[in-house]
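Visitor: I am new to this structure and would like to learn how to read it. Please take one feature at a time.

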Amino acid sequence: MATGAESLRVLLVGGGIGGLTAAIALARRGARPVVLEQADAFAEVGAGLQLAPNATRRLFGLGLECEIREIGFMPEQVDIRDSADSRLLLTTPLGAAAERRWRAPYLQVHRAELQAVLLNAAQALGVEIRTDARVQSVEQHAAGVSADLSSGEVEGDVLIGCDGVHSGVRSQMFGQSPARFTGQVAWRGLVSADRLRPGLIPPRAQVWTGNGRHFLHYLVRDGTLVNFVGVVDGQAWSQESWSEVGEHDRLAADFIGWPEPVSALIAETKTCWRWAIHDRPPLTHWSLGRIALLGDAAHPTVPFLAQGAGMAIEDACALARWLDGGDDPISALASYGAERRPRTARVRNWARRNGRLFHLPRPLRRATFFAARASAPGADGSAAHLDWLYGDAEPGNGATQQSKN
């Protein structure tokens, strides 16, 4: 039986951001991770992604600073505005100010480019990566674990389910988690910046709020692409799939009469995708023996705090640290879950709160944002509210532990 992370064979089910980050973090500590990705290739997913300082700081700690900075666009700030009159409700300084405050930048990236950086880093470390490796079932015994693939069985010391919101590992080991449709439907798309009026989309992340809906847009790929997400309440459609192509006319109708940045982006969108937002009850524990969960497989949440990738990256680094900390992987996995559950629960609650706040009736929404501004005066007042999330002193991630990530 392997002891500590060194020589530990870790089966990672899923080759997304969480799985690949875990592979890198584990390999850097001497473990032997094996990534089992069900797709036959790592295909490009056309979506933007926000990496807050809590995520970039950990990626930098894995030796990826140059690569992440190269693919990232650094916004000056994030603005929250009222769609009725474009009035600024709240702003949070980012750019150089974020890096000074939180010791790492806030970056906007294309998901495919981030995945490519992680894949290349994992391969450079000698990580074994298997594609077309759909896991049909998992088992554990006193000395290890096994994953049953169509091509045969793979054995290891521990197994981590990094297989997303529809996790098969979670379903087998922890039972089916009933999904609850939130009544919200999200639209997403990418638009080439050169198709828009010059200066229309500033180098900022912008959230436009409205009654029962909101619209977010930001730049990726060195400012050449604009990623957008629009969310609408009160929808009957409940298909939970990121790859479902939506009807352009329906998207336009959902945001008719909104400010020019929104209407122009929708007008120039060639293909839009639509998915229903579901919520799931949190798990009381993330591991059973030698099998544990990571990222959305462990703690799926609604996407209103831009922390899905960030929490998976944090999970990955914490997992590697705990597996490197002792001779008993079962205890290490239990400790990993116990450390991560309170923080991810807080993120989950904040994300749900944001989803409600962005969609409040206009008078109440404006009053709430103005009260938030009054409670945190000064140029960096709104930033102070995020210290718990973006900073490096959150529970289980103090300076000593950070140096090990």
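Visitor: Where is Ala122 placed?

Guide: Helices (H or I, at least four residues) and strands (E, at least two) are DSSP runs, numbered from the N terminus. Ala122 lies in helix H4, residues 111–124. This is a predicted model, in which local features need pLDDT of at least 70 and side-chain atom pairs count only at pLDDT 80 or more, while totals for chains, interfaces and linings use all residues. Residues are numbered from 1 along each chain as its sequence is written, and side-chain values use heavy atoms, with hydrogens and water left out.

Visitor: Is Ala122 buried or exposed?

Guide: Buried means under 20% relative accessible area, exposed over 50%, and partly exposed in between (1.4 Å probe, protein chains only). Ala122 has 0% relative accessibility, so it counts as buried.

Visitor: What covers the buried residues of H4?

Guide: An α-helix has 3.6 residues a turn, so residues three or four places apart point the same way. In H4 the buried residues include Leu114, Val117, Leu118 and Ala121. Their cover includes helices H1 (17–27) and H2 (53–71), along with strands S3 (48–51), S6 (107–110) and S7 (128–130).

Visitor: How is the reach of H4 read?

Guide: The expected span of a helix is 1.5 Å times one less than its number of residues. H4 has 14 residues and reaches 20 Å from its first C-alpha to its last, close to the 20 Å expected. Helix H8 (residues 308–323) has 16 residues and reaches 23 Å, close to the 22 Å expected. Of the 16 residues of H8, 14 are buried, so this helix is largely enclosed by the rest of the structure.

Visitor: What does phi show in Arg221 and Asp222?

Guide: Most residues other than glycine have a negative phi. Arg221 has a positive phi, near 50°, and the phi of Asp222 is also positive, about 60°. Arg221 sits in the loop between strand S14 (213–220) and strand S15 (225–233), and Asp222 is found in the loop between S14 and S15 as well. Arg221 is partly exposed at 26% relative accessibility, whereas Asp222 is exposed, with a relative accessible area of 67%. Just after H4, a glycine, Gly126, takes a positive phi of about 80°.

Visitor: Which residues does Ala264 touch, not counting residues up to four places away in sequence?

Guide: Ala264, found in helix H7 (residues 260–267), touches Leu196 and Leu200. Ala264 is buried, with a relative accessible area of 16%.

Visitor: How many helices and strands does the protein have?

Guide: The secondary structure comes to 13 helices and 18 strands. The radius of gyration is 21 Å, close to the 22 Å that the globule rule gives for 405 residues, so the protein is as compact as a globular protein of that length. That radius is taken over C-alpha atoms, and the rule is 2.2 Å times the number of residues to the power 0.38. Buried residues make up 54% of the 405 residues.

Conventions:
Contact = heavy atoms within 4.5 Å.
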